[in-house]
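Welcome, and thank you for coming along. Open your viewer, get your selection tool ready, and we will walk from stop to stop together.

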Amino acid sequence: MKENKNYQVEFVGEKVISISKKQTILDASLAAGIPHCHVCGGNARCSTCRVLVLEGVDCLTAPNLKESFLNNQMHFPPNVRLACQTHAIGGNVKLRRIIQDETDIGLYVGSAAGDSTQQLGEEKVMALLFFDIRNFTHIMENHPAFDAIHIIRKLFSSFQSSIEYNKGNIVETTGDGLYAVFNYEKGKDRNAQAAVRAAHSMLGDLEVLNETYFIPHFEERIEGGIGVHIGKVVSGTVRVGSENHWVVMGYAVNIASRLQTATKELNNDFIVSSEIYDLLKDSQVVKPQSIVLKGVTNPLVVYSIGKPYKQLAKT
């Protein structure tokens, strides 16, 4: 008689359960006392039993017809599976329930939830660009609010063209600053090179606007700093009100933001991390500097590849 072998599956933060080949992950978790949500009764109709597989994707059965049908509608990433349709065929599986209780259902199921991949977030390597106007407080103090907003609109409209031309996307704007990412499907070197091209283009646009627009019309020279870094981030959507907002988060984002802040300290309008500099082709030869960034434990090697500010910036 053929032995019915059992495997171990770890629900991270909850318990390790034993599962036989005949059991689905949902059946085994419920038998072990885990309050696994399954609104449709385990019939692959609601997706509330879905799990995020952290380790051991290859130790699970391939998606069957029911799971594949739902996947085509909801666009699950490869490491998200329906517990009601998935069996273990090996050991060393670690996973996490995505929907913890009924209060989570609206976040992931229904018309308000959006695309499944973006709900959960995807881990990617992106080049990250932060820009900030150095003397914006001075502008706000000396010009009507309408003029200040007009200057921002004029500037960011030009920057958007440079960023999108280089295959980047603006994630958010915050007053006098913006944050953009560059994410080619293949090759982090292309991400780095695109971000640096966009940054140089933005600084060139700024210089042209100063000479042809801001100085003649507002008697102001606008200066700004750019910091660029590359690293692993998580991107996804967060629903606020009736709209989905794309967010990109991670330690690398903090580094890029701090690099932009350091442009004032180093008196250079464009600073990149060594991770970016090492990926550039035919990059200008500049001396590396080791600096300590606020909120970052270890010193960081950076390269100043822009120009000194023309005037002492006012924050």
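Which helix gives the most to the lining of the largest pocket? Select residues 188-218: this is helix α7, which gives the most, with 6 residues. Helices here are DSSP runs of H or I of at least four residues, strands are runs of E of at least two, and both are numbered from the N terminus.

Before going on, a word on the model. It is a predicted one, where local features need pLDDT of at least 70 and side-chain atom pairs count only at pLDDT 80 or more, while totals for chains, interfaces and linings use all residues. Residues are numbered from 1 along each chain as its sequence is written, and side-chain values use heavy atoms, with hydrogens and water left out.

**Stop 1: the whole chain**

Show everything as a cartoon. The protein chain has 9 helices and 13 strands. Of its 315 residues, 47% count as buried (buried means under 20% relative accessible area, exposed over 50%, partly exposed in between, with a 1.4 Å probe and protein chains only). Among contacts between residues at least 6 apart in sequence, 66% join residues at least 24 apart; contact means heavy atoms within 4.5 Å.

**Stop 2: the largest pocket**

Now select Leu203, Glu207, Asp269, Lys307 and Lys310. Of the 17 residues lining the largest pocket, these are the closest to its centre. The space in this pocket is about 270 Å³. (On a 1 Å grid over the protein atoms alone, a pocket is an open set of points where a 1.4 Å probe fits, with protein on both sides within 12 Å along at least five of seven lines; lining residues have an atom within 4 Å of a point. The volume is the space filled by probe spheres set on the points, which are joined across faces, edges and corners.) The lining divides into 6 nonpolar, 5 polar and 6 charged residues. Here Ala, Val, Leu, Ile, Met, Phe, Trp, Tyr, Cys and Pro count as nonpolar, Asp, Glu, Lys and Arg as charged, and the others, Gly among them, as polar.

**Stop 3: just past α7**

Pick Glu220, in the loop between α7 and β9 (224-240). Is Glu220 buried or exposed? It counts as buried, because its relative accessibility is 9%. Show its side chain and that of His143: a polar contact of 3.0 Å joins them (a pair of N or O atoms within 3.5 Å; within protein, one must be able to donate a hydrogen and the other to accept it, and residues adjacent in sequence count only if both atoms are side-chain atoms).

Glu220 also touches Ile139, your next selection, in helix α5 (residues 136-142). Ile139 has 0% relative accessibility, so it counts as buried. Leaving out residues up to four places away in sequence, Ile139 touches Ala148, Ile151, Glu220 and Ile222.

**Stop 4: helix α2**

Select residues 65-74. Glu67, Leu70 and Met74 are buried in this helix. They sit on the same side of α2, because they cover an arc of only 70° around the axis, taken from the directions from the helix axis to the C-beta atoms. Turn to the face away from the buried side and you will find the exposed residues Leu65, Phe69 and Asn72. After α2 comes His75, with a positive phi near 60°.

**Stop 5: Ile89**

Finish at Ile89, in the loop between β4 (80-82) and β5 (93-97). With a relative accessible area of 44%, Ile89 is partly exposed. Its C-alpha atom is 5.2 Å from that of Cys59, 30 residues away along the chain.
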